[in-house]
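I opened the model today to look up a few local features. My notes follow in the order I took them.

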Amino acid sequence: MSTADKLMANARYVWTCWKVNLAAMEYRLSFLLLAGMMFVNNAIWLFFWSLFFGRFPVVQGWELHDVMLLWAVSTGGFGWAAMLFGNFPRIAGIVATGHLDVYLSQPRPVLLSVLVSRCSVTAAGDFLFGIAVYLMVGDTSPRGMLLFALGLLISGMLFIAVMVVAGCSAFWIGNAEGMTQQLFNSFIALTTYPSDIFRGFVKLALFSLVPAGFISYLPIGLLRDFDPLFAAGAVTAACGLTLAGALLFRRGLRRYASGNTIAMRS
Amino acid sequence: MDGESNRWAVAGRKAAAVGRIAFRHQLAYKTDFAMRGFFLLFILFVFIQLWSAAYEGDFSKSISGFTLKQIVWYLVFTEALTLAAPPLCSRIEEEVKNGDVAIRLIRPQSYAGYHFSVFASEALTRFIVHLAIGSAIAWPFVGPPAFGYGWLGLLALSAGALTVTFLLLMLVGLCAFWVEETSGLYFVLQKLQFTIGGMLLPIDLMPEWLQRVCAWLPFQAALYFPARMGVHFDAALLAKQLAIQIGWIVLLALAVSRMYRRGVSKLHVNGG
Amino acid sequence: MLALQTRGLGKTFRVKRKEAGLSGSFRSLWKPNWETKEAVRGIDLTVREGETVAFLGPNGAGKSTTIKMLTGILHPSFGEAEVLGLTPWKERERLAYRIGAVFGQKSQLWYHLPPIDTFELISRIYELQRDEYVRRKDELIERFELGPYLHTPVRKLSLGERMRCEIAASFLHGPRLLFMDEPTIGLDAVVKQRIRELIRERNRVEGTTVFLTSHDAGDVETLCSRAVVIHHGGVLVDEPVERMKREVLSRKIVTLKLTEGADPAALPLIAGTRWETEEEGCRLAVDLKRTTIERVLGELIGRVGFTDVNVEDPPLEEIIKHIYGMKGEAD
């Protein structure tokens, strides 16, 4: 089979998974309620920010408008990532509990299979919230929409990549669920605060160790005052981390498989 | 009269016994404590950065009566109180769903009384631990919590605040006697505390119209009162706020007991 | 003296009927479609103090619901009940001092703490006198042989050890009437037998009235003097276990594992028995009124090649079905 054929086969497989996930939901009312609750939850945060900026109109160059766009990019990006690749926050658990075996037995790229085999319905609420907020306050010219789409792509990819890299730690240290869950929550929280409230060492960390800054600076560096250097950096970070995650997962898998054979022999 | 006071004394002794065992039982959940502690440190760090930026690092500026130091300690107190409450609603819902409510009702003790003992025991432990953790991060950034009798005010109002929280959670939890899912209602309650309870923002900093709304609701008594008294001691106000808390406690307790009595006669436990 | 008495005791409850599909879910949210179900239809029952009563019936017959009404946990929809002179759902807390309850699948012990801590709590909740508590506790620990587990966190105990602690805990405040809902569920045969003996002993020594539900014929046989069978929410049979045993427990099941190559079709006919062929082995239903196990086994040996044999009581479900069969014929 040629590479092109392989790619096509994988694309068809992913497409089928999405269709199956969608059908499995059966549009259950409780799921819809959950999605609605996420929407309200996000709206309440924006309510808080409106009160906050009612007192302090400009904070480190950020205004309410920018924070709203930040929420649009962050929730929208998280939304599509969790809807289409719903297992990304759960990799550590799947590895640690031995559930990878199921995926290993399928003739498909393992990481891709893992990621697409779950769809978070509540994330639909997040995604719709992001879109709704952008349509309300964002720049709806073709250029603005294109930049927003790019922003969504970058933030979603970063969410997935960071959690894949973190989840891979389970290959080496075993029970890493609690730790990655904490990291996940913190990472999400960090992407919803203006990056410029942090300084010095912490700010440096935001653009390296815990790259939430590439999401939380998007409203300024990409949407408001397009900064080619930052945009290039964000794209590089998103692609680079995705690649790193895939490679790390592959190395972990080798360890996982060999670990199993040892267990079987003994 | 004597029989009546004796009855209360007996109920008190039972509550204390349940409280003691619940205290020891919760110590088994060490990772829970650690995780909440980590989250508290993290979120307080973010808040400190946010408010420092808002005040432009100016420690002398006062906005609506709050300096940077006061606002940071205010947030330490509200977060410590918020994270202190154990998940009462989901516990009651679980008890009704899996029938464990039978174990509670076979005892010669009131159902709400049992849950109050467990809640109080766990909430107080967590509150103290959270205050210590919160202090560890707030102190180095904004200095010691030297607010006169503030600590006294905080502690005086915290007992009532946690009681109000308990009663609000109980009202939502008891809905499980009628409906299957209480998480939606709990979500609403949580968000109300979040905003108009003053968890993220002191009510003084809110717009005028919202402050007037808050004054008529019980949520301010659960978070805002103790936290504000902690950074702004005022003896006259303390008396007034204590009175408001007691008023809400009486009102909510009546509602809880009424609701329990109606609910328990409707109760249906699974497993025929 | 009566331990409990009910007249037409029953409970109905409403369930929301779910409709299929999204539009159905929405419709039932605005306008729920309620359906009334009858859990217990109207039970008339009298139990004297000191009796040991087995309360039997198939799943969903309303056994647990009845017990929960008699303990004051659930409020009945109609009918009356008096337990030790009190109306359970009106005087729940007062009644609680005098009765005890064991729910086989629920634990009253605090999971992360040793059982002794729960014992201590119970002594406070039931307001036991200190010396009285210590005396009873020591006696129960000795009789139930709890010494080794008393200071081990409950989560580390086996099910059998835990159940012994659960039942001892229920006896701690000296209840005059003990309700048990499936007390031996999930336990192995040895532990079951030990628990039955212990409950029996409490009944003998302290005169505790025992009212239990079970799926296990052994519980009923060794523990109870009287059996009440309910079906469709009403009392169907109420008679001494002795008579029930004569009529219904007079069957045994002999299961054989045939040697390989043996032809199941060529099994010999033995008087007083009936073959019920199953996939794994062969089941022989033995009627003890017409023959004995000894005679049946004697006939089998030499005529059938088998590698394993197992003699057991028929499951309680089967016995009860048998009763319904009898009733059906009589009607």
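I am working with a predicted model. I found a patch of positive charge on the surface, formed by Arg258(B), Arg261(B), Arg262(B), Lys266(B) and Arg14(C). Which element gives the patch its largest share? Helix α12 of chain B, residues 235–266, does, with 4 residues. I then placed Arg14(C): it sits in strand β1 of chain C, residues 2–17.

Is Lys11(C) buried or exposed? Lys11(C) is buried, and it has no salt bridge. I looked for the nearest side chain of opposite charge and got Glu38(C), 12 Å away. A salt bridge needs the charged atoms within 4 Å. What does the Lys11(C) side chain reach instead? I found the backbone oxygen of Leu267(B), at 3.4 Å.

Next I turned to backbone angles. Most residues other than glycine have a negative phi. I noted Ser64(B), not a glycine, with a positive phi near 50°. I located Ser64(B) in the loop between β1 (62–63) and β2 (66–67) of chain B. Ser64(B) counts as partly exposed because its relative accessibility is 28%.

I also noted Glu145(C), again not a glycine, with a positive phi of about 50°. Where is Glu145(C)? I found it in the loop between α5 (130–144) and α6 (159–171) of chain C. Its relative accessibility is 44%, so Glu145(C) counts as partly exposed.

How values were computed. Residues numbered from 1 in each chain as written. Chains lettered and ligands numbered in written order. Predicted model: local features only at pLDDT ≥ 70, side-chain atom pairs only at ≥ 80, totals over all residues. Heavy atoms only, no water. Patch = residues over 30% accessible without salt bridge, like charges linked within 9 Å, V, L, I, M, F, W, Y side chains within 5 Å. Areas by Shrake-Rupley, 256 points an atom, 1.4 Å probe, with all protein chains shown as cover. Lys, Arg positive; Asp, Glu negative; His and termini not counted. Charge placed at Lys NZ, Arg CZ, Asp CG, Glu CD. Helix = DSSP H or I, 4+ residues; strand = E, 2+ residues; numbered from the N terminus. Buried < 20%, exposed > 50% of the residue type's maximum accessible area, 1.4 Å probe, protein only. Polar contact = N/O pair within 3.5 Å; in protein donor to acceptor, adjacent residues only side chain to side chain.
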